[in-house]
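User: Could you walk me through a few of the terms used for this model? I'd like to see how each label is reached.

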Amino acid sequence: MSEIALDPAPFVHREDDGIASLTVLVDGIHCAGCVQRIERTLAGVPGVVTARGNLSTRRFRLRWRDDQASAADLIARIAALGYGATPFVERADGDSAATNRRLLRALAVSGFAAANVMLLSVAVWSGAVSDMDEVTRGLFHWISALIVLPAAAYSVRPFAGPALRQLSRGQVGMDLPITVAVVLTLGLSIAETYRGGPHVYFDAAIMLLFFLLIGRTLDHQARARAGRLAENLLVLRGMEATVIDADGRQRAVAVSALAPGMRVLVAAGGRIAADGSVESGRSDVDTSLVTGESVPVAVAPGAEVLAGTLNLTAPIVVTVRAAGEDTVLAEIARLIDTAGQGRGAYVRLADRMARIYAPMVHIAALATFLLWWGWLGAEWQAALIVAVSVLIITCPCALGLAVPVVQVVANGRLLAEGVIVKSADGLERLAEVDTVIFDKTGTLTTGALVLRDADGISPDDLAFAAMLAGASRHPICRALHAAAGHPAAAGGVREHPGDGLSLALGEGEARLGRHAWAVGGEGAAAQGPELWLSRPGHAPVAFRFDDSLRRDAAETVQALRRMGLAVELLSGDREETVARAARDSGIDVWRSGARPADKLAHLSRLAGEGRKVLMVGDGLNDAPALAAAHASISPAAAADVSQAAADLVFQGAALGPVAHGIAVARRARALARGNFALAFAYNVFAVPVAMAGLVTPLIAAAAMSASSVLVTANALRLGLGRKAK
């Protein structure tokens, strides 16, 4: 049994209703079957409320009744299954890096050995039809053995280790037939070499390991990268905060040490480290990553602020209301993790197939051996050769390539169209979607404010307002400054955080800012981001801005509808802004003011109706929805966390890659199904032939390779078609 490396007690979080919770980092899991095995085991422990695992991050969220179970017992049960388990410590990624190094070393060793032994094999094959004598052939076989045996012993460990752990607990996975096939092939080859036989299969064994290790390494790197990005989410809070003590002294403390009631000074340009309320100071806060609001929010004493948001214009003092795991930012992180745990139907299906396929392969090989040795009276060596041929010919290479090779071709096709595929099964799910939901700011729109109706504003008013705006870094002021061609900023401008800018003139004061401050009175309800200019002797002037749509937004929406997809707009922005974006892009169904939990609830409701949703979003507030959706796409300019949660990322200013991605995914799905049919037909034909003793291991290896080439050639057809429309 593995030992618990870290006392879990300090990491247990206790809730008010007697429920305790703990996040555990589990080493040694590499497939959905491992996650399900741990979840089933822990679910059977009395007192356990939930036990949910995330394959990408290798983390399990455990909740139990504190009076019925303990953290140490739950971790011990995970360890009893053969997995390393320890309480999760933020940013602990050393184990993942070590695993990656082990896989890369095994891949390098197997690749080097395969390249060298193939040279010897080619010489032996050529000599079989020329004049190579038995002594020379035997020497080449022994040299092959010296190269392959130590390389295979090292390279098989990523498969043999999990296989032995599973076998010791009465469980069978896909690592076991791989290990058995390699061991039997090497054992048979050694015996054939020792007795001077004409056929050995060292090359087949090491090549099998080499190709399988390529897939295992790429899969691990993709999951590790996604896990690191997700873990970096809470870095948005910053690493430390400036706390103001009761005596007025300031001191720097770690964000993790913040507690409710503390007073924190947030400088202009700094991120707010905890949820709370403004005690003193006035400023503007950029909340776009957390709430989706495209325009900075003016805050004053008493206003609520959230961890992870950016203080823009002036220092403020915040009284902490919630810190650490209790903040809205941490809740978003939990929503992402929960959504990630809820996904994986395709992986679970593949694992169920593997649990059926692996025993069938061994049963077929064993039955073949017993048939030839016990019933037909063949010598055990001959019977073993036939059994090994069955193991090799049924090696799941064709089945394993059926989907991945299509994904490789589709990924290359999409990459040429500006779409990067991140998720292993993202294309499969993308092909199934029937509804597309867009976020607004930064997704359906460019995220850049542009001046509306500039032709209706006098050049003098525009130039004067732009000179004032040049003194501020507020996003709306910067947009106004750019609209006038970036004129020189006026001197003597004062910035009033939360209100606007003022400049003293000989005849009075000029103001540029919100209507109530610059002009006075409430005025008409704002129809989006706006600034008002007032100056002596001139009528007030309004400068209104739009978050401009991507240039092909309306065209892309129409293309999606022609593909039979429903299209919706779901945004955290204000109602009038969202309504205008929906109207201009041709979207009939839209909703404004949606928080992260609201978006997640909407997707869950659609899923309950049987809809399969593609979520397209870019902000931190979209990340939980991106993780929960049936499939998800994010722009390349999106927040790192959103890109981590998304299945695909598209580049450039156009929205068209979303439609292109769906078209390619549908084509890839058709080819993958064709590959499954080819692989199934191959096994239906090849297995009986091998069991009949009509093929040698060499022919079995050739047939296995031919089936792989066949499914690969079929997949390459995807790259020959026209650009997806």
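User: Which residue of β14 does Val 266 stand opposite?

Analyst: Val 266 stands opposite Ile 316 in β14. Before we go on, this is a predicted model, where local features need pLDDT of at least 70, side-chain atom pairs count only at pLDDT 80 or more, and totals for chains, interfaces and linings use all residues. Residues are numbered from 1 along each chain as its sequence is written, and side-chain values use heavy atoms, with hydrogens and water left out.

User: How do you know that β8 and β14 pair?

Analyst: Two strands pair if DSSP finds at least two bridges between them. Strand β8 (residues 263–266) is joined to β14 by 4 bridges, so they pair, and they run antiparallel. Strand β9 (residues 275–280) also pairs with β14 in the antiparallel sense, over 5 bridges. There, Gly 276 has Val 320 of β14 as its bridge partner.

User: What makes β14 mostly covered?

Analyst: Buried means under 20% relative accessible area (exposed is over 50%, partly exposed in between, with a 1.4 Å probe and protein chains only). In β14 (residues 316–322), 5 of the 7 residues are buried.

User: Why is α16 called oblique to α17?

Analyst: The axes of α16 (residues 459–469) and α17 (residues 475–483) come within 8 Å and cross at roughly 135°. Angles under 35 degrees count as roughly parallel, over 145 as roughly antiparallel, 65 to 115 as roughly perpendicular, and the rest as oblique. That angle therefore makes α16 oblique to α17.

Note on methods
Axes are lines fitted to C-alpha atoms, for helices over the stretch in contact, and angles run from 0 to 180 degrees between N-to-C directions. Helices (H or I, at least four residues) and strands (E, at least two) are DSSP runs, numbered from the N terminus.
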